[in-house]
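Open the model in your viewer and keep the selection tool at hand.

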Amino acid sequence: MKAVIAEQYGGPEVLEIGDGLPLPRVGPNGVLVQVHAASVNPVDWKLRQGLLDAVMPMVFPVIWGRDLSGVVTEVGPSVTLFKPGDEVYGMKDGYVAKTYRGTYAEYVVVPEKSLAPKPKNLSYEEASAVPASALTAWQAMVNQGKLKPGQRVLIHAGAGGVGVMAIQIAKAFGAYVAATASTRNQDFLRDLGADLAIDYTREKIDMIRPKFDLVLDGVGKNVWADSFRVLKVGGRLVTLTMPIPNEYAGKFKFFRTAIVGLAGGIARGLLGGKRLLVTRVKSRGGELEKISALIEAGKVRPVVEKVFALDQIAEAHQVSERGHVRGKLVMRIRQ
């Protein structure tokens with residue numbers, strides 16, 4: 001079996017293709033998937049750089065990656081939802097007991113509860129671009145944001161992986177959607193269904209009226225002040241980006257940065273009768289099935305900017321680190 005292996009923290013150059021690796025073993029609730037495609041998420045390279053070491057210390061070697069799509073080849077004795085030959089997709093949180101066994105591999109064992117049938121109208125590459133981004137958008141807006149039809153929603157970084165899914169999911173719920181992106185992505189936002197496209201390089205959001213019920217932040221702390229200004233009293237700002245040091249840091253510095261940043265944001269929100277919430281995405285196959293229904297109904301579609309081969313993973317990480325990716329970057333693992 002081939003997989004992308006890292007023996008230490010560092011830059012993209014630490015990623016190597018390992019061959020001849022043993023197939024992972026299937027436990028009682030595990031599903032062995034022959035992976036056809038996986039996608040790159042920012043958390044992958046943040047883990048690789050050691051930026052999350054304070055909360056997720058690693059025992060090397062590791063295999064990064066969270067998203068996957070492929071075909072079931074074996075199931076554990078307690079598995080009831082899937083059988084060999086099924087086409088599936090999902091998100092795997094590969095962190096267990098300080099090891100990390102992710103999805104940049106030809107074969108992956110995934111818990112049954114983390115998978116869903118692959119939407120019939122998507123290719124493997126398209127399907128692999130969905131799980132982490134769509135589940136993040138769903139859990140942030142629907143679960144934490146209490147999204148309802150007719151509400152006004154503002155989505156920061158609307159052209160990114162989560163933003164692309166968030167715009168479409170919010171529209172499917174019947175919300176009015178405004179989204180921010182750079183100049184080149186204004187028409188792209190409208191094509192996704194945004195009612196109002198905002199060029200963050202030229203326009204300020206804090207004077208937009210009427211105010212919003214929900215703001216989804218995929219940028220960071222620097223947009224919180226303006227976001228609170230455009231929120232209604234009782235509104236919710238849901239952030240995906242907890243304040244953390246932008247370089248390798250020990251536990252003290254990491255938690256000090258996070259706690260001070262969050263405490264200030266929460267206090268500011270409460271003073272104005274608003275709430276700041278943080279989303280940490282969880283792999284839930286049941287929610288992914290609801291997203292699949294929207295995809296098969298034509299209400300949500302993934303956007304793939306570029307497909308890489310497995311041996312181009314270092315380049316894919318470099319592109320992701322530079323930012324401004326439209327939608328997702330995908331790796332084709334099985335030709």
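Predicted model: local features only at pLDDT ≥ 70, side-chain atom pairs only at ≥ 80, totals over all residues.

Phe255 belongs to helix 7, residues 251–271.

Now select Phe254. At 1% relative accessibility, Phe254 is buried. The rings of Phe254 and Phe255 form an edge-to-face aromatic pair, 5.4 Å centre to centre with 80° between the planes.

The count of aromatic pairs comes to four. Another one to show is Tyr9 with Phe60, also edge-to-face: the centres are 4.9 Å apart and the planes 90°. Tyr9 sits in the loop between strand 1 (3–6) and strand 2 (15–18), and Phe60, 51 residues away, in the loop between helix 1 (42–48) and strand 4 (67–75). Tyr9 is partly exposed at 21%, and Phe60 is partly exposed at 24%.

Which residues have the most contacts inside the largest nonpolar core? They are Val130, Met141, Ile155, Ile167, Leu216 and Ile291, in a core of 45 residues. Among the elements that each supply at least two core residues are strand 10 (152–155), helix 4 (161–172) and helix 8 (285–296). Helix 3 gives the largest share, eight residues.

Centre the view on Met141. Leaving out residues up to four places away in sequence, its contacts include Lys146, Val153, Ala166 and Leu214.

Finally, select Val33, Met58, Phe82 and Leu115, which are among the 41 residues of a second, separate core.

Technical notes: Residues numbered from 1 in each chain as written. Heavy atoms only, no water. Core = buried A, V, L, I, M, F, W, Y, C linked by side-chain atoms within 4.5 Å. Buried < 20%, exposed > 50% of the residue type's maximum accessible area, 1.4 Å probe, protein only. Helix = DSSP H or I, 4+ residues; strand = E, 2+ residues; numbered from the N terminus. Contact = heavy atoms within 4.5 Å. Phe/Tyr/Trp six-rings, centres within 6.5 Å; stacked < 30°, edge-to-face > 60°.
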